[in-house]
Amino acid sequence: MTLKTKIALIVACCTLLMLGSYYLLSLQSARNAIVNFNKRSAVTMAKLALDNDDVLLHMPRLANQHPALLPVMLAEQFNGYAFILLDGTKLISNSLPDEVQLSAEAQGNGFQFVLQQSGMPPSIISFPAAPEPIEVAGLTQPGLYWLPLAWLDLGQQQDRLASQLNNRFMQLFLLLSLLAVFLAWLGARWLLRPVHQLLQGFHALQQGHLDQRIHSERRDEMGQLFQGFNHLADGLQRLDQQYRQMSADIAHELRTPLAAVVARLEAMQDGVVSTEPAQLSQLQTDVTRISRIIDDLNLLSLTEAGQLQLTLQAADVSALLNELQQSYQAQADATAVQLIVQVEQGLTVHADATRLRQVLSNLLNNAFRYGSSGGVVKLSAQHADGCIEICVEDKGPGLSDALLAKLFQRFNHSRSQGGSGLGLAICYQLCQLMQADIAARPVAGGGLCICISLPGSAAG
């Protein structure tokens, strides 16, 4: 499961948990509040029930009263009730409190009354039946409605109920919001735990602890980051080891010729060794070796940094190998080594001809230096699988697999203690810059074969 999916699931779960809990708790709270409200309303109405006959028995005594006073007098007689007097569809008077505004509208045989109190929502009361007919002086179609004053309190109770529900809903919302924040904090902490591991790992690398690794079995993006961190740490540790080894190798390679030069000069100063041309020639040889090591190190550093400028263009392999044969034939004759050159005509590669010649010269020098005991050095080129493969082969001492794996490293003396040990490392880096592959393999019966594979083509 990816990290993106995990984050989405956590957010979705927290949201669903908060909304679902809010809905269920709000529903339960509203249900309880409405049940309690209905219970109180039922008790109030049961206590204030007024029979019609009781009202009608008192009407004859009030028949001659002024219509505006009739509802008030009835309200005094029947405490807890409000009376409304109508004449047909016209509202005449009522005994409601002054803060209550009353409006009436005929509906069928009955009436609908709207009671409006300040700061409260209006209360609507409907009477489907016609008003009780009574006799009142001065009115043609008098009718009387009455209602419990407790109904006015119902509006206040409804308002209190709404306020109570709002308060409860707000409390539930705040509580669930805090719960969601807490769960989100836990989720964020869980998600950020691998990030903290990664930061601790980088801090350890910054402090120089290159053996720091993060062990994890995660299969998501963080697991990939951990693997990348471990690969980075492996590379840094390997580079650090190579740097330390290179520093030691450079000191070792330069110490020997420098020590020889210093010793010979001191001997000359003390008169132990004469300043004859032969001694000066030996000094020049040692200094030349030091200079060659420094030049090789400079060239190797340029190739590894990618700062060496190459001119990649079509190069004639056949002509190049024929030139090398002419250059090394005298050396082959002097060392009694058979130089064999096998090359197909019309082979062309995309490379820097000067640097390619330098690489092949280095390989031939090594072959003559280390493989001359075999009596044969072979230089060949052929077209294979869309590439041109150039090989230098000798019949000298072979190498084990362990030595072959380190053949192109700096200061490698796999076959002999001669040379600077940088030539094959330079060859490898130059081939990398020319987008070529270089590899070594043992030869059956002893010897070594180093092949370079470059992009190219064959004529025809």
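I started with phenylalanine 113, which is buried at a relative accessible area of 0% (buried is under 20%, exposed over 50%, partly exposed in between, with a 1.4 Å probe and protein chains only). This is a predicted model, where local features need pLDDT of at least 70 and side-chain atom pairs pLDDT 80 or more, while totals for chains, interfaces and linings use all residues. Residues are numbered from 1 along each chain as its sequence is written, and side-chain values use heavy atoms, without hydrogens and water.

Next I counted ring pairs (Phe, Tyr or the six-membered ring of Trp, centres within 6.5 Å; planes under 30 degrees apart are stacked, over 60 edge-to-face, the rest tilted). I got 10 aromatic pairs. Phenylalanine 113 and phenylalanine 127 are edge-to-face, because their centres are 5.8 Å apart and their planes stand at 75°. I found phenylalanine 113 in strand S4 (residues 110–117) and phenylalanine 127 in strand S5 (residues 123–127), so this pair ties together parts 14 residues apart in sequence (strands are DSSP runs of E, at least two residues; helices are H or I, at least four; both numbered from the N terminus). Phenylalanine 127 is buried too, at 16%.

I then turned to phenylalanine 408 and tyrosine 428, a tilted pair with 5.8 Å between centres and 35° between planes. Phenylalanine 408 is buried at 18%, whereas tyrosine 428 is partly exposed at 31%.

Last, I noted that Phe111, Phe113, Phe127 and Tyr145 make up one aromatic cluster.
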